[in-house]
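Dear colleague,

I am handing over the structure we talked about, and below it you will find my notes on what turned up when I went through it. Please read them with the model open beside you.

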Amino acid sequence: MLSGGVLEKSVCAIVGTYGTGKTMFALQFAYEGLSRGEKVIYISLDEREELLRATIAQKGWDTERFGDRFYLLRLDPTDFNLAISSIKSELPALIRSTGASRVIIDPISLFEGLFVDEAVRRQEMFRFVEVMRDEACTLVLTSETDAANPDGSRYGLAEYLADTVVLLRYIRSPGLTEVHLALEVVKMRRSAHSREIKPFEIHEDEITVYSEASLF
């Protein structure tokens with residue numbers, strides 16, 4: 001559906017409501033990079049580090065064998081100054097010092113919410129993404145959807161800043177007897193991509209997208 005995958009050194013946004021698998025997609029992206037010998041930085045603004053590591057262990061992914069190639073960091077979004085400083089100022093330096101080629105922020109919407117003023121939020125997000133484009137890494141941002149617009153991110157910025165946008169959603173059958181998880185590649189700059197909505201499942205150890213299947 002992505003014509004081979006997310007482009008290197010691009011920005012990808014994974015947008016969806018609660019329970020649609022945003023963190024699972026982010027963890028899978030991190031694990032695939034580690035399996036290919038890459039270095040990965042995973043910044044969580046939501047779940048605690050021990051809970052993320054428990055999720056990883058439950059899937060049978062042995063991150064211990066990757067040693068210091070996996071940097072899992074948890075930032076407290078309620079500590080405004082620390083979160084802002086860590087993401088805006090310290091993250092680029094950390095990427096350069098570690099040589100990380102994949103960086104995940106899960107979810108970016110909590111970082112956006114630190115800025116109360118809408119104009120400031122927009123300005124800071126544009127600045128942040130521009131700074132990250134100068135780093136030799138692929139950036140994945142997860143974002144919750146807007147309650148009033150289930151097809152858009154909470155603050156309506158991630159989909160405009162990202163090169164690739166993947167929307168995760170629930171699809172209910174006509175008789176309301178089943179609920180399916182489905183995804184859509186809404187946008188992908190510099191590449192052809194599928195515009196169909198396809199079902200996917202979250203298994204114990206991986207995510208499977210049924211790109212040849214129909215929803216019903």
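How many residues does helix α5 have, and how far does it reach from its first C-alpha to its last? Helix α5, which runs over residues 118-133, has 16 residues and reaches 23 Å between those two atoms, close to the 22 Å expected at 1.5 Å a residue; the expected span is 1.5 Å times one less than the number of residues. Helices (H or I, at least four residues) and strands (E, at least two) are DSSP runs, numbered from the N terminus.

Before going further, please keep in mind that this is a predicted model, in which local features need pLDDT of at least 70 and side-chain atom pairs count only at pLDDT 80 or more, while totals for chains, interfaces and linings use all residues. Residues are numbered from 1 along each chain as its sequence is written, and side-chain values use heavy atoms, with hydrogens and water left out.

Staying with α5, the buried residues in this helix are Arg121, Glu124, Met125, Phe128, Val129 and Met132, where buried means under 20% relative accessible area, exposed over 50%, and partly exposed in between (1.4 Å probe, protein chains only). Seen down the helix axis, the buried residues of α5 fall within an arc of 130 degrees, so they line one face of the helix; the arc is that of the directions from the helix axis to the C-beta atoms. The N-terminal end of α5 is capped by aspartate 117, a side-chain oxygen of which lies 3.0 Å from the backbone nitrogen of alanine 119.

Isoleucine 105, when neighbours within four places in sequence are left aside, is in contact (heavy atoms within 4.5 Å) with Ile43, Leu45, Ile87, Leu91, Phe128, Leu139, Val140, Leu141 and Thr142. Threonine 142, for its part, sits in strand β5 (residues 138-146) and is buried, with a relative accessible area of 0%. Not counting residues up to four places away in sequence, threonine 142 touches Ile14, Lys22, Ala26, Ile105, Asp106, Pro107, Ile108 and Ser109. Among these, Ser109 belongs to helix α4 (residues 108-112) and counts as buried at 1% relative accessibility. Proline 107, in the loop between β4 (102-106) and α4, is joined to aspartate 106 by a cis peptide bond with omega of about -5 degrees.

The structure also holds five aromatic pairs; rings of Phe, Tyr and Trp (its six-membered ring) pair if their centres lie within 6.5 Å, and planes under 30 degrees apart count as stacked, over 60 as edge-to-face and the rest as tilted. In one of them, the rings of phenylalanine 25 and phenylalanine 200 have their centres 5.3 Å apart and their planes at 80 degrees, so the pair is edge-to-face. Phenylalanine 25 lies in helix α1 (residues 22-35) and phenylalanine 200 in strand β9 (residues 197-202), so the pair ties together parts that are 175 residues apart in sequence. Phenylalanine 25 is buried at 17% relative accessible area, and phenylalanine 200 is buried at 3%.

Tyrosine 31 and phenylalanine 66 form an edge-to-face pair too, at 5.8 Å centre to centre with 70 degrees between the planes. Both tyrosine 31 and phenylalanine 66 are buried, and ring pairs link Tyr31, Trp61 and Phe66 into a cluster.

Best wishes

Technical notes. A polar contact is a pair of N or O atoms within 3.5 Å; within protein, one must be able to donate a hydrogen and the other to accept it, and residues adjacent in sequence count only if both atoms are side-chain atoms.
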